[in-house]
There are 2 protein chains.
Amino acid sequence: MKNLVKATAAVAAILLLAGCGKLDFSNDNSSTGTSKSGQYQTTGVASDGTYQGVIKNGRYQVSKSRGLMMQNNNQNGNTFNVRSMESGLVSLSQKQFSTDKYDFEEGQLLSTSVTRKWLGRQKGKFSKSGDTDNALGLNPASNGSTDPNKRVPIYLQQLLEQDYMVKSGNSMALGGISIGLGMNAIDYYVKTQYGAQYQTNISAAETLRMGKEMAAKVVTRLRQMKGVAANTPILVGIYRQAGQDSLVGGTYQAYAVSKSGSTMGTWHGINEQNEVLPVINNKKPVNNTVATDFSNFSAQVRSFFPTLAGVTAQAHYENGQLAGLKITINTQFYGQTEINSFTQYVSSAASKLLPNSAKIEIDIESTQGMQAYAERDTGAKTFTTHVFDSY
Amino acid sequence: MKNLVKATAAVAAILLLAGCGKLDFSNDNSSTGTSKSGQYQTTGVASDGTYQGVIKNGRYQVSKSRGLMMQNNNQNGNTFNVRSMESGLVSLSQKQFSTDKYDFEEGQLLSTSVTRKWLGRQKGKFSKSGDTDNALGLNPASNGSTDPNKRVPIYLQQLLEQDYMVKSGNSMALGGISIGLGMNAIDYYVKTQYGAQYQTNISAAETLRMGKEMAAKVVTRLRQMKGVAANTPILVGIYRQAGQDSLVGGTYQAYAVSKSGSTMGTWHGINEQNEVLPVINNKKPVNNTVATDFSNFSAQVRSFFPTLAGVTAQAHYENGQLAGLKITINTQFYGQTEINSFTQYVSSAASKLLPNSAKIEIDIESTQGMQAYAERDTGAKTFTTHVFDSY
């Protein structure tokens, strides 16, 4: 399943890149958004505290570089990283760019070719033809070693740009930029083409040190781009990717804002952790109480139907406290009434057994897709449930 | 995709049947329900106007006959029928069994073997060995003809039982029974084993006439069963199945309640229709305004992204008026922020272009499963949206 997901994501990424040059949106200018400024309109607000998306000339502005990763043969194609890096950067951006004033646009400054160069290694004496080594590479040059502990790893794996737009007279203008630096915690590499996969582990401290160096370079380069003013705020977040087999994404480690010029503001540390429950291989859980609560919930839920395929969760911690729990329950195909009852039962069990200090989402899936889900916000008393029915 | 769904459902039905004799629930008696009567507990209320499900000795009471169909070689395996027949019977039951007083239990009276016999043809002079012909068959005996217009078709394809339980001192007792008769609109058959498929069309009037005859027999037989009192209310609904290739299920045509003995009460006609939008093959839509509104919505949504795979809907009409619209939008894999913006955009377009007199659900799916959904109840002004994120 995991492999299928990865394969699909890889294909999709390629499609997105391939599609860049030939986007053929229909040129329908009728607005469905709530505001419209000249050629711009927005997607309309779905809920409080979220950004509206920018639509230009009736078309959604697709990012030019999204989905692009360091193009080695062993790229970490974990889609959990891709998604959590994106939504994490939106969350960080809310600290700097208020959702009332700013609208969201996918990154438009970094082109595919520029991003590809920036993700490469710097030119060095061990550069090989066909390598992506170049003067613009943010990753340091190779030292020629293939030893896991002596070689120079690829630190930066992904680059993400998000633009925050403000109304400007009858149009919209770039009001701020957010950049996510997707750093490897583990760099996967091969010694010979199609050879076995090796890995270099990179410490959290090294991730931070390298990320901060790269952030300064990125900001300097962005300031030289057309449309970026000397005082356009640029937020940079350093994201540490989870390993390629992880069933949960990584987290941001730190962020800083450059208010003007190429100086970065103060770096703010971010203390967040993700883990998959139940923990395996005798790994120590981040929080024993949460792990025990989840285990009790899982046992309770499993007693309901004989053939539940699995109950797993992604737990998200902020400053050591559980901040979110996303539970997935895989079932066989059941009848509509069974799904209704099961969803009620799961909500009751969750109300009783899971901590109410964190946001909880429970997805009930079968081989035919999502059957139902239940959700409770931080501090709320009851779960909202929805069963996906059909006529 | 359709075939895969069908195959999965068939496998699941077999698993459910196979599983009947060896349910191995853990015997955890700790209650998560909101009420508990002796060995019984309930699943807990998820929302107003829905039934709580009955749990007995810590186990959900799986139906003995659910998923069982007339066992010919050409059974109509359309899972939309199975689901809409189930949820339709729950809706009908609410007219007779109040959700405040009654709890829901999957049918426990009809065993697999009894259901199989009832679904068969009656014994006749054209009965062949290996046929399911038997004295208890609710379907009429064959007349030996294989001509589509002269043969006696299989009228009854599926039988569904739902039990409605009431508290009785420290325990629970059967308070009412609902029976769904799943009638064929088209009976699929072969003339020789593994031969070509032929079909006999059955008119709506014939469905009703046969269904009413069968209802009387079923009620008489149920009254003789252990646990069914002479005055236990029995509701019978006549469901007309959609064809095997339909992308929406059938509808109930009529229902009646037997308050006591084997007499049926008045039959109430049900005027409901389902259709798939957009209509194809120049078929006339049930309601032109709805079809046009949907077509405008679809065009608006397609202009957002270049690679939307499809926008389709199941429309449900009651007494000629649109009562519900379930829209499915298939997308390629997009980024998290793209899905966020797209969901906002879809909700805005739906608010503007779709009728607000009916309940609307919009599912946004990709090859990786459900990405987001938006929902608006009848008469409500705004859509509730949910994007399926991950950490």
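How far apart do the C-alpha centres of domain 1 of chain A and domain 2 of chain A lie? They sit 33 Å apart. This is a predicted model, where local features need pLDDT of at least 70, side-chain atom pairs count only at pLDDT 80 or more, and totals for chains, interfaces and linings use all residues. Residues are numbered from 1 along each chain as its sequence is written, chains are lettered from A in the order in which they are written, and side-chain values use heavy atoms, with hydrogens and water left out.

**View 1. Where domain 1 of chain A meets domain 2 of chain A.** Chain A splits into domain 1 (61-270) and domain 2 (275-387), with bounds from an automatic or database domain assignment. Each domain puts four residues into the contact (heavy atoms within 4.5 Å). Together the two bury about 310 Å², 69% of it on carbon and sulfur atoms; buried area here is the accessible area (1.4 Å probe) that two parts lose on being put together, summed over both. On the domain 1 side, A:Leu247, A:Val248 and A:Thr251 supply 87% of the buried area, more than any other three residues.

**View 2. The salt bridge between A:Arg151 and A:Asp187.** Over all chains, the count comes to 11 salt bridges. In this one, N and O are 2.9 Å apart. A:Arg151 belongs to the loop between α3 (112-119) and β6 (156-168), and A:Asp187 to strand β8 (residues 186-190), so the pair ties together parts 36 residues apart in sequence. Helices (H or I, at least four residues) and strands (E, at least two) are DSSP runs, numbered from the N terminus. Both partners are buried (under 20% relative accessible area, with exposed over 50% and partly exposed in between; 1.4 Å probe, protein chains only).

**View 3. A:Asp363 paired with A:Lys326.** The closest N and O atoms of this salt bridge are 2.8 Å apart. A:Asp363 is in strand β16 (residues 359-366) and A:Lys326 in strand β15 (residues 321-330), 37 residues apart. A:Asp363 is buried at 2% relative accessible area, and A:Lys326 is buried too, at 11%. A salt-bridge network links A:Lys326, A:Glu361 and A:Asp363.

**View 4. A:Lys359 and A:Glu375 in a salt bridge.** Here N to O is 3.8 Å. Strand β16 carries A:Lys359 and strand β17 (residues 369-376) carries A:Glu375, so parts 16 residues apart in sequence are tied together. A:Lys359 is partly exposed at 31%, whereas A:Glu375 is buried at 18%.

How values were computed:
A salt bridge is a side-chain nitrogen of Lys or Arg within 4 Å of a carboxyl oxygen of Asp or Glu.
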